[in-house]
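Work through each task with the model open, then compare your steps with the solution.

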Amino acid sequence: MELRQIRAEIGAVGKADGSAIFEMGNTKVIAAVYGPRDVQNRSQQINDKALVRYEYSMANFSTGDRMRKQKGDRRSTEISLVIRQTMEACILTHLMPHS
């Protein structure tokens with residue numbers, strides 16, 4: 001029943017094309033966007049729309065188990081897939097073919 005303050009800041013990551021930090025209580029989310037840019041691996045290129053790549057990671061100290069997780073663990077991979085599919089639906093990928 002508690003309403004927590006939300007804080008947002010844009011331009012948080014210097015080398016990104018777009019970035020933001022969102023805070024709510026003790027939770028912080030950092031988001032950064034790089035691109036559009038040409039696909040590095042031609043086998044991944046899609047001719048009629050852009051390819052969206054997404055990477056999700058969570059700090060080791062932020063969960064109850066406190067175990068160090070490898071980069072490609074199952075939970076992170078599944079969360080990345082769901083968020084990537086959501087972002088693909090929001091981004092106008094047909095306007096940026098070959099990127």
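**Exercise 1.** Work out whether E78 counts as buried, partly exposed or exposed, and find its salt-bridge partner.

*Solution.* Start with the accessibility classes: buried is under 20% relative accessible area, exposed is over 50%, and partly exposed is in between, using a 1.4 Å probe and protein chains only. E78 has 42% relative accessibility, so it is partly exposed. This is a predicted model, in which local features need pLDDT of at least 70 and side-chain atom pairs count only at pLDDT 80 or more, while totals for chains, interfaces and linings use all residues. Residues are numbered from 1 along each chain as its sequence is written, and side-chain values use heavy atoms, with hydrogens and water left out.

Next, apply the salt-bridge rule: a side-chain nitrogen of Lys or Arg within 4 Å of a carboxyl oxygen of Asp or Glu. The partner of E78 is R74, with the closest N and O atoms 3.0 Å apart. Both residues sit in helix α1, 4 residues apart, or about one turn of the helix; helices are DSSP runs of H or I with at least four residues, strands are runs of E with at least two, and both are numbered from the N terminus. Finally, R74 is exposed because its relative accessibility is 65%.

**Exercise 2.** Trace the salt-bridge network that includes R7, and classify its members.

*Solution.* First take R7 and E9, whose side chains form a salt bridge at 3.6 Å, N to O. Then take R7 and E23, which form another at 2.6 Å, N to O. This second pair joins distant parts of the chain: R7 belongs to strand β1 (residues 6-10) and E23 to strand β2 (residues 18-24), 16 residues apart. Together, R7, E9 and E23 are linked in a network.

Now the exposure of each member. R7 is partly exposed because its value is 39%, and E9, at 34%, is partly exposed too. E23 has 18% relative accessibility, so it counts as buried.

**Exercise 3.** How many salt bridges does the rule give?

*Solution.* The count is 4 salt bridges. Among them are the E78 and R74 pair and the R7 and E23 pair.

**Exercise 4.** Locate S57 and decide whether it is buried or exposed.

*Solution.* S57 is in the loop between β3 (27-33) and α1 (74-90). Its relative accessibility is 61%, so S57 is exposed.
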